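I opened a notebook for a structure that is new to me. These entries keep to what I looked up.

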Amino acid sequence: MLESFSNWLAATALSQLFASTSWFVPTVQTVHILAIAAIVTAIAMINIRLLGVVRRGPDLPHIARSFLPWVWIALAVLFVTGVLLTITEPARELQNGTFWLKMLLIVALVLLTLLVQRSVRRDPGYFSSTSGRRRLGAAIGAANLLLCAGIVAAGRLIAYT
Amino acid sequence: MMVWLESRPFAIAIAESSWLFPIFESLHVLAFAIVVGTVAIMDLRLLNVANRDRSVSELISSTLPWTWSAFAVTVVAGFLLFSSKAAFYFDNGPFRLKMVVLALAGVNMLVFHFVTGRDMVRWERGAPPLRARIAGALSLTFWVTIVAAGRWIGFT
């Protein structure tokens with residue numbers, strides 16, 4: 001089914017227009033990477049704080065307020081540029097196991113980030129009130145940092161698999 | 001010299017292995033993302049666009065250590081990638097552009113630290129003066145160009 005969908009997509013006029021425009025893929029990939037820089041940095045700032053290894057500077061609710069909007073804006077840019085790249089070369093992404101692994105890791109990171117956002121909005125001290133909550137925060141922080149690194153690596157590895 | 005570098009054992013290992021290059025490339029992109037992201041945090045503050053509630057010096061002292069650590073990783077990983085095809089990259093137009101703009105970004109940073117930003121204590125809690133905004137705008141422009149040139153290398 002994926003194969004027939006990706007063949008159909010590759011045959012559309014839009015896909016052929018993008019694929020035949022030499023500057024299209026590098027330009028869209030450049031925007032994609034700039035959005036990666038924004039989201040990786042924002043995710044790192046939030047989750048290093050959640051991990052509890054850095055104690056200087058603003059607290060978690062403050063960091064979450066300044067950096068969460070960047071996560072969602074960058075995610076929107078990544079989605080749009082990602083869709084454009086997929087339209088251009090459907091088989092490269094849709095028929096690639098690494099691409100689907102990347103999508104799975106993204107879903108996990110987004111769900112955990114939404115969980116953090118909701119918890120901190122309802123109770124700014126949610127992840128610092130008890131030692132159990134601090135451990136929960138540290139576990140989520142570590143998971144998110146690993147997911148983020150895994151997503152970037154998987155994204156680059158799509159070109160080789 | 002490029003041919004000498006290419007013939008080092010580690011360079012040959014990277015060139016011949018099917019997974020070393022992608023692994024170092026992933027590391028290069030990940031660390032580079034942190035460099036660009038943390039630089040942008042400072043630039044956007046200088047442009048008075050984001051993080052207006054934090055003073056410039058506080059933002060720089062909490063962000064710059066991350067920038068430099070990530071930059072060190074980016075350079076080491078980048079050097080290893082470069083060594084595997086040194087002669088090719090050395091002659092590559094986008095690669096040369098990337099190095100030139102990287103140097104410009106460095107000069108812009110030095111000028112800000114030693115000249116235009118020296119009186120930071122006078123304005124760092126409010127809106128930065130025009131010369132600081134120019135430093136921020138130039139820095140953002142340089143780093144966007146570095147990303148674009150870097151991505152272009154893969155298409156040449």
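**Entry 1: ground rules.** I am working with a predicted model, in which local features need pLDDT of at least 70, side-chain atom pairs count only at pLDDT 80 or more, and totals for chains, interfaces and linings use all residues. Residues are numbered from 1 along each chain as its sequence is written, chains are lettered from A and ligands numbered from 1 in the order written, and side-chain values use heavy atoms, with hydrogens and water left out.

**Entry 2: confidence.** I looked up pLDDT (the predictor's confidence in each residue, from 0 to 100). For chain A the mean is 95, and 100% of its residues reach 70 or more. Within chain A, helix α6 (residues 97-122) has the highest confidence, at 97, and helix α1 (residues 2-11) the lowest, at a mean of 94. I take helices as DSSP runs of H or I with at least four residues, numbered from the N terminus.

**Entry 3: the interface.** I counted a contact where heavy atoms lie within 4.5 Å. On that basis 28 residues of chain A and 27 residues of chain B take part. I then looked up the buried area, meaning the accessible area (1.4 Å probe) that two parts lose on being put together, summed over both. Between chain A and chain B it is about 2400 Å², and carbon and sulfur atoms give 77% of it. On the chain A side, the residues that lose the most area to chain B are L34(A), R156(A) and Y160(A), together 20% of what that side buries.

**Entry 4: pairs across the interface.** I used the salt bridge rule: a side-chain nitrogen of Lys or Arg within 4 Å of a carboxyl oxygen of Asp or Glu. Between chain A and chain B the count is 1 salt bridge. R156(A) and E25(B) meet in a salt bridge through their side chains, at 2.6 Å from N to O. As for elements, α3 (24-51), α4 (60-88) and α7 (131-157) of chain A each supply at least two residues of the side that touches chain B. Of that side, α3(A) gives the most, with 14 residues. I sorted the side by class and found 20 nonpolar, 6 polar and 2 charged residues. Here Ala, Val, Leu, Ile, Met, Phe, Trp, Tyr, Cys and Pro are nonpolar, Asp, Glu, Lys and Arg are charged, and the others, Gly among them, are polar.

**Entry 5: salt bridges over all chains.** I found 7 salt bridges in the structure over all chains. In chain B, R54(B) pairs with E58(B), with the closest N and O atoms 3.3 Å apart. How open are the partners? I call a residue buried under 20% relative accessible area, exposed over 50% and partly exposed in between (1.4 Å probe, protein chains only). R54(B) is buried at 9%, whereas E58(B) is partly exposed at 31%. R122(B) forms a salt bridge with D119(B), their closest N and O atoms being 3.6 Å apart. R122(B) is exposed at 69%, while D119(B) is buried at 17%. Salt bridges with shared partners also join E89(A), R92(A) and E93(A) into one network. In the pair of E89(A) and R92(A), the closest N and O atoms are 4.0 Å apart. E89(A) is partly exposed at 35% relative accessibility, and R92(A) is partly exposed at 27%.

**Entry 6: T116(B).** I placed T116(B) in helix α6 (residues 93-116) of chain B. T116(B) is buried, with a relative accessible area of 18%. Not counting residues up to four places away in sequence, T116(B) touches V111(B), W123(B) and R131(B).
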